[in-house]
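Please look over the sequence and the structure below before reading on. The paragraphs that follow lead you through a few side chains and their surroundings.

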Amino acid sequence: MAAPRKYPDELRERAIRMAVDLRRDPATRSGALKRVGEQLGINPETLRNWVNQAEIDEGHRPGVTTAEAQRIAELEREVKELRRANEILRTASAFFAAAELDRKLK
């Protein structure tokens with residue numbers, strides 16, 4: 001289970017918009033993330049991660065999109081559950097095969 005989000009989605013979206021706008025202008029690009037972070041009470045490194053992920057999601061930067069990451073996580077959970085189910089079936093199969101062998105030998 002994911003940890004609860006510290007910042008509301010609205011604040012996150014606003015911070016990303018502000019940072020991206022400031023970074024577009026060469027005069028305000030330097031230190032934009034730090035300034036926006038200080039104004040909104042967000043760690044600049046957290047804001048940098050948000051902006052990077054937003055750029056990936058929009059196709060401006062290479063990487064795994066949020067949707068792809070969620071799908072991968074779902075598939076990994078499904079694989080884990082299927083492996084667990086297969087192990088249960090193998091154990092049950094071995095148990096019943098041994099019981100059948102015992103029955104035949106008696």
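**Contacts and ring pairs**

Leaving aside residues up to four places away in sequence, Glu55 touches Arg23, His60 and Arg61, where contact means heavy atoms within 4.5 Å. This is a predicted model, in which local features need pLDDT of at least 70 and side-chain atom pairs count only at pLDDT 80 or more, while totals for chains, interfaces and linings use all residues. Residues are numbered from 1 along each chain as its sequence is written, and side-chain values use heavy atoms, with hydrogens and water left out.

Glu55 is placed in helix H4; helices (H or I, at least four residues) and strands (E, at least two) are DSSP runs, numbered from the N terminus. With a relative accessibility of 17%, Glu55 counts as buried, a word that means under 20% relative accessible area, whereas exposed means over 50% and partly exposed lies in between (1.4 Å probe, protein chains only).

How many aromatic pairs does the structure hold? There are 2 aromatic pairs, and rings of Phe, Tyr and Trp (its six-membered ring) pair if their centres lie within 6.5 Å, with planes under 30 degrees apart counted as stacked, over 60 as edge-to-face and the rest as tilted. The ring centres of Tyr7 and Trp50 are 5.4 Å apart and the planes stand at 85°, so this pair is edge-to-face. Because Tyr7 lies in the segment before helix H1 (9–24) and Trp50 in helix H4 (residues 44–57), the pair ties together parts that are 43 residues apart in sequence. Both Tyr7 and Trp50 are buried.

The rings of Phe95 and Phe96, with centres 5.3 Å apart and planes at 75°, also form a pair that is therefore edge-to-face. Phe95 is exposed, its relative accessible area being 55%, and Phe96 is exposed at 56%.
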